[in-house]
Amino acid sequence: MTETSPATIITFIAYIACVFVLAALSHRLLATKSFLGEYFLGSRGLGSWALAFTFAATAASGGSFTGFPSLIYSYGWVLAFWIASYMVAGVCSMGVLGKRLNQVARKTGAITIPDVLRDRYDSTALGLFATSTIIFFTVCNLIAQFKAGALIIEETFNLPADWGYSAGLIIFAVTVIFYTAYGGFRAVVWTDVLQGVVMVLGITLLLPVIIRQGGGMESINRKLRERPPTLITSVAGGYNDLVIQARGPLDTAGLLYRHPRRANAPLQIRWDPAVGTENRFIEVFLATDGEGRTSSTGNDVKQAIEQHPMLGPRFRVSFPYDNSEIVTDRFGHRTEMGATGVIGLDSDRSAERFVFLRGDEVLFGPGRSNRGSPFHPLGMAISFFFMWAITGMGQPGTMLRLMAFKDSRTLKRAILTVTGFYSMVYLPLVFIFVAARVLIPELNAENSDKAMVLVTTRVVGDMGLAYQILGAVLVAAPFAAVMSTVDSFLLMISSGLVRDIYQRTINPRVSDRTVKRASYATTVIVGMVVTLLATRPPDFLQRIIVFTGSGFAATFLCPVMLGLYWKGMTRQGALSAMVGGFTVMVGFFLPTLFGGSRIDLLGLHPNLWGLMVSFGLGFLVSKGTGPAPTHLVERYFYKVSTPQQSLSTEDRGQSKVDGSA
Amino acid sequence: MIDPVFRNSLRECLFLLLLWLACCLYTVTYCYLGGYLVHEPHPDATGPSIGKLVGPLTAFDRHPQSLTTPLGLGVPDWVFYGVITPWVAAVVITILFCLYFFAEDDLSPPGLERDEPGTSHD
């Protein structure tokens, strides 16, 4: 837990006030423009700064400022390799589809991605499948993002555990639903610009401060390398984490907590010096009570190791928490955090295994978790080069922004800005959180999610008012990142329901007034439903975010990309690509719903398999069902040059809306 | 007549995919071979070597003491040459791409000054 400075509270309130002001300004503009196009697409008039920041901020979700720093803290420099494809992510994700997608959307008057697919392939079924898929993935993602937003507020304001999450959720939901529903797309874009500036400013100011605190990067690397082999156990149950450090050369592999499988067993330590170093573990047989439940605390294990004749001189045992906060353990005893929490093993598991990590392991790949598994093997390295640059192209939220810019020059400038944005955010984050490992040395795997908040409150917060404000800005950065993703997704669902399903499928002659009311109401209702679902959120937050991002790409990238660039792409090919990619992603991630691991076939991330299946099916089925209808090829791949023909383009747009296409 | 926006966009698309591929091949190869303490055995390896050119992967295992930090920046050598150098190169290529390769095409449908999305039914 961390203290909340007045500067943090004031900065947060000022930030939220700015968001509301932008929503109000946007709402005033909404009244002067055509409602549907303005509410969902900003009248296709985004300038380069707005396009760049809304694109980058939407792509940077809460994971960029919570999960990513946590991974850097845990695994070190290998995260520079993990994130490396961001060197081309900006130019690829905007430049490959941007101009062509914008042109096709203008030709048809499309304001959503399902609109584009429906018109390009002249298929209502395709449009409806696209809308359904967007709603499915987006709702999953929104639950995770709402949870992230609520947790950030709970942690930042140090709210009590029993109602802090609910309060955080309500504050987050009310803020984001209000400004999204009231202001529409343009409010979302403007707040994205604000949020993007907050992110860049915060990181740029933090970088030199942190490096100076660590004594320079050379010194930071040296301190990391000289750190003795360390093992941090983090066992479910709370406040029982132990830090075990070797006093000299390491002569054991790690520690095993074992359940003795009987009642009333005493705590026992076993360590056999005759076993080879690589297989030698400190085995801790936990004590059990009369019902066979484990009853040893972190403190019991600490004392047992220290009193062991051979282990005592070899290892130093401590707790990762350096505060003396009083907490209540599961038996209701008031105690200092990190001292007496009971170590509980999962009922289906008889042992928990932890390994020592040498300091120099964070200076190289592949990185190891405290359970010993490699973090970034070759298959994942290849997959993640696809993940950020290629998968990034296939997100409907970012594609939508490519339909909203003003002209080619705007896109060109935005590509340059986004490339700069990614370079100024992601690489510096690696430097900052490698240094954080020296400045805050002993966070366990679970607490490393709080690395950003701890850096800003413990490290920067102690340096005076100016730095407290900087800390507050940085705490606002992950909040801003979550909000910028959530607002886009909320609009995407309501546009899918109002535009794609109601207006274009059920009632094409719906009045403008009804569309307006339906749009406001849908955004609010979707937000409320997601808020309710997020009151009991799933634990695997980051997995959901990865699942939905990969799922979007596997479903949408092929039909959109081949539809824009290949004349031979047919509606059957597009539908096969979407269904194939969607099925692979859901299938490969299905085991995670039941507590298992996702399927990484041949060591590759499911994302790569989803893309391969989607593109393979799209190509083969189109070849088998081709050629594509001549009128579609002529419309989308050949120039219509006369005014008469251009008028007929508009006519076709009207007939499409009338449902006759 | 082929739509010039389609033609230019396709050309730019192919260029960018090649740029991505080049960055991917260089960075993944360099970082994997030059930056890992432990290399997993190749799944297809039948002996100690995975090929005459590459040799056994374990030959690339880094010794921690071999780490250097080029230019005194405090960045490990494999990150400096494997990530930061190509990153800088990619940014330069992106700038050149935008300045000299990217065509500023007119995206409005012919005959329309400016389309308003959704106007046909508002």
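How many salt bridges does the rule count over all chains? The count comes to 19. Keep that number in mind as you open the structure, which is a predicted model, and let's walk through it together.

**Stop 1: a link between two chains**

Select A:Lys99 and B:Glu12. Their side chains form a salt bridge, with N and O 3.0 Å apart. Now colour the helices around them: A:Lys99 sits in helix 7 (residues 98-108) of chain A, while B:Glu12 belongs to helix 1 of chain B, so this pair joins two chains.

**Stop 2: the interface**

Show chain A and chain B together. The contact draws 80 residues from chain A and 67 residues from chain B.

Next, look for charged pairs. The rule finds five salt bridges across the interface of chain B and chain A. To see one, select B:Asp3 and A:Lys107, whose closest N and O atoms are 3.5 Å apart in a salt bridge.

Hide chain A for a moment and study the side of chain B that touches it. Helix 1 (4-35) and helix 2 (77-101) of chain B each supply at least two residues to this side. Helix 1 of chain B gives the largest share, 19 residues. Colour by class and you will find 41 nonpolar, 16 polar and ten charged residues there.

**Stop 3**

Bring chain A back and select A:Glu278, A:Phe356, A:Arg358, A:Glu361 and A:Arg368. Of the 25 residues lining the second largest pocket, these are the closest to its centre. The volume of this pocket is about 710 Å³. Its lining is made up of eleven nonpolar, eight polar and six charged residues.

**Stop 4: two backbone details**

Most peptide bonds are trans, and most residues other than glycine have a negative phi.

- Zoom in on A:Gly365 and A:Pro366: the peptide bond from the former to the latter is cis, with omega near -5°. A:Pro366 lies in the loop between strand 9 (351-355) and helix 13 (378-389) of chain A.
- Then select A:Asp122, a residue other than glycine with a positive phi, near 50°. You will find A:Asp122 in the loop between helix 8 (113-121) and helix 9 (124-156) of chain A.

Note on methods. Residues are numbered from 1 along each chain as its sequence is written. Chains are lettered from A and ligands numbered from 1 in the order in which they are written. This is a predicted model: local features need pLDDT of at least 70, side-chain atom pairs count only at pLDDT 80 or more; totals for chains, interfaces and linings use all residues. Side-chain values use heavy atoms; hydrogens and water are left out. On a 1 Å grid over the protein atoms alone, a cavity is a set of points where a 1.4 Å probe fits but cannot get out, and a pocket is an open set with protein on both sides within 12 Å along at least five of seven lines; lining residues have an atom within 4 Å of a point. Grid points are joined across faces, edges and corners, and a volume is the space filled by probe spheres set on the points. Ala, Val, Leu, Ile, Met, Phe, Trp, Tyr, Cys and Pro count as nonpolar, Asp, Glu, Lys and Arg as charged, and the others, Gly among them, as polar. Contact means heavy atoms within 4.5 Å. A salt bridge is a side-chain nitrogen of Lys or Arg within 4 Å of a carboxyl oxygen of Asp or Glu. Helices (H or I, at least four residues) and strands (E, at least two) are DSSP runs, numbered from the N terminus.
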